[in-house]
Every structure is written in structure tokens, then in C-alpha cells.
Amino acid sequence: MRTRLALARASTPGTNRPAGVSPPARAHPEVRRILHSSRSRIQRQTVPEPDTSSSHGHGNTTLPYREAVEALERDRLGPNPQPAAGKVCLTFDDGPQKGTEDCLNALAGTVPATFFLTGKNMASDPTEQKRLVERILSEGHQIGNHTYTHDPQADAEYRKTYGDLSDPKKLAQFEDNFNKNEAYFRKLLGASSPIFSLARLPGDGRFVTIGGKLVYVKQTEAMGMAHVGWDFEFGTSYISKKTKKEVPSFPHLKHLPWQGIDGVSADHSGFPSAGNVVLLHDRHWNGKQAKLEAVIAKLKSTGFGFGKLDSSGKCA
Ligand SMILES: [Zn+2]
């Protein structure tokens, strides 16, 4: 049985280092920095006693040292400082389009995701569009309705275009954008039954309230689709031609590099929480399959698994 040892109870004489947490002779500078900056916090950490009976070859000092450092890594992270093991659900918007292939390659048929499709974005190349959607489905991913045109997007455009949906013409226009997308992909895929049970309004749609009600989300659900928001967002970065500086793919993804991964940006510096729906955009990963693989690997190494959206749009 493993016992747990409070580091605060024992420290190596003459040092501020907890007993059993000796750094290797050539500790990585980042490791030294973490230990140096977190001495007060390390007193609160507990690490397992060295398991001398183990057969995995770690010595008495290396294993607890590594675990203590990993615990400190978790402790210093952003809004969710100690991410618990759990599932997150990856969702990709606006495809199929350039970048969809890279996303599918990174997911490798083993990490499930949901692709919210927008018919118009690749309507000029229906053959490629069909191939990509068929690949999405054949590799076990889900698809959702992201409207045919992707317009309107901004809050004011929504109000101007659809109002409060009490005008039958505007209501029909709202519903047509979903229905046209459904009909488009049904024709493309040769499907006779409805394709979409999940939907996501483009841009600000999920936030727009009129008279205190989320009118567009409610109407989407009244059409028989669960509306799926998101809790956490990833993107990439590019070098601005104007300033020559690295900027995130969307300005609000200002945490760059996210968790030290060059070229990856996010809206939070820390990790998602268990059960979070995570938003990405296919096009941001065009030619950047390795970046997405790095994000997936980082999440996995932190204890996350990957779930699917259930029929109510929750991450399960
Ligand atoms: Zn979108």
C-alpha cells in the first residue's frame, strides 16, 4: 500500500528542499525555476513515498522529484489550477474547408470530435467537400449544423436580420439557414434522413438576448437540434505582415504560446475543466497538424480523455 508523505514534515538539512525531492545533478532550467519560485507552495504538496519495490527502474529520488514537479506544474496553472482527470469534447467549426484534413490527421481516428459544418464555405468544390465529410463520418466523428451561410455573425447583425423572430418572414429566414444546410449535406451525402441533431449558431448567436430570452438558441432547439456552446477555445498564430510580430488566429485567443506550445493560442492560460466543450476552427490548423497533435498530447498527459456530445449537446 502506498502511504503519503507530507513534504512539509521533512526537509533536507541545510536546504529549502523537501526530503526525497532532490533535483537531478543537471536539472532542466525550467524545473529549477519552478522549484525556486514555488518553495512556499511545495510545503503544501504531498508526494508518494518512493516505491522501492517497483520494477520500472526509477530510483528513490527521481520518481518523487518528478511527481512533485508535475504537481507544482499543475498548481501554477491558470483559471483551473489543478485540472482533474476527465473528458473534454473537441468541436471544429466552419468546415469542411482547408485545414479539415489536418484536423482529421491529428485526431487519427482515435480522438473523437464534432464538426459543425457550413455548406457554403466549400460549395465551389463539392467533390472535395463530400470526401471530407465522408472521412469525418467514417472515422467516427459527429457532425452538427452551423448554418449554410455562416451569416449573420455579430450581435447587431443578428438583431437586424432576424429581430425577435416574431415576424414570420424573419423566422422563415432564420430557419432556412439551418434547413438549407441540412438539405445541402443530405444531397451531397445521398442521405435521405435528417443528418443533424446538434447545432451551433455562428458567432454571437448563442449570446443574443431579446426581452431577456436567448431567442435564437431557443428557436434552434425548437427545430429539433440541441444547441452546443463552448467553454474553452484553441487557435494557432501567424506572423503579421504589417508588424512582423506573432499574433493569434483570433485576437481573443491571447494566451500564446499556450502551455509552452509554440504557435498555439487559447482564450485561457490554464487547462479546460472536465466536461468542457472545446472550440477550434478547421482552417486555423491548415498545414499545422503537428500543432494540434501537440495540444492533444498535452491534454492527454494532463489526464484528460476525449468524449462525445450526447443528444442534449453535453460532453459525456
Ligand atoms: Zn463559425
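Which residues of H4 are buried? Select helix H4, residues 100-107, and look for Thr100, Glu101, Asp102, Cys103, Leu104, Ala106 and Leu107: those are the buried ones. Seven of the eight residues make that list, so the helix is largely enclosed by the rest of the structure. Before going on, keep in mind that this is a predicted model.

Now show what surrounds the helix. The buried residues of H4 pack against strand S3, strand S4 (113-117), helix H5 (126-138) and helix H9 (289-301). Then step just past the end of H4 to alanine 108, where phi is positive, at about 55°.

**Into the core**

Next, select Val88, Cys89, Leu90, Cys103, Phe115 and Val278 together. They have the most contacts inside the largest nonpolar core, which has 39 residues. Apart from that core lies another one, made of seven residues, including Leu201, Val208, Val215 and Tyr216. Nonpolar side chains tend to be buried together in soluble globular proteins.

Zoom in on cysteine 89. What does it touch, leaving out residues up to four places away in sequence? Its partners are Thr114, Val277, Val278, Gly307, Lys308, Leu309 and Cys315.

Is aspartate 94 buried or exposed? Buried: the cut-off is 20 or more other C-beta atoms within 10 Å, and aspartate 94 has 22.

Now jump to leucine 165, in the loop between H6 and helix H7 (168-189). Here phi is near 70°, again positive in a residue other than glycine. Leucine 165 has 18 C-beta neighbours inside 10 Å, so it counts as partly exposed.

**Two cis peptide bonds**

Select aspartate 151 and proline 152 and look at the bond joining them. That peptide bond is cis, with omega near -5°. Proline 152 belongs to the loop between strand S5 (142-145) and helix H6 (155-162).

For the other one, go to leucine 256 and proline 257. The peptide bond from leucine 256 to proline 257 is cis too, with omega near -5°. Proline 257 lies in the loop between strand S9 (246-248) and strand S10 (264-266).

**A stop on S9**

While you're here, click glutamate 246, which is part of strand S9. With 14 C-beta neighbours inside 10 Å, glutamate 246 is partly exposed. Leaving aside residues up to four places away in sequence, glutamate 246 touches Ser237, Ile239 and Leu256. Try the distance tool on the C-alpha atoms of glutamate 246 and glycine 263: these residues are 17 apart along the chain, and the atoms are separated by 8.5 Å.

**Zoom out**

Finally, show the whole protein. It has nine helices and twelve strands. Of its 316 residues, 34% count as buried. Among contacts with a separation of 6 or more, 73% are between residues 24 or more positions apart.

Methods
Residues numbered from 1 in each chain as written. Predicted model: local features only at pLDDT ≥ 70, side-chain atom pairs only at ≥ 80, totals over all residues. Helix = DSSP H or I, 4+ residues; strand = E, 2+ residues; numbered from the N terminus. Buried ≥ 20, exposed ≤ 12 C-beta atoms within 10 Å, placed from the backbone. Core = buried A, V, L, I, M, F, W, Y, C linked by C-beta atoms within 7 Å. Contact = placed C-beta atoms within 7 Å.
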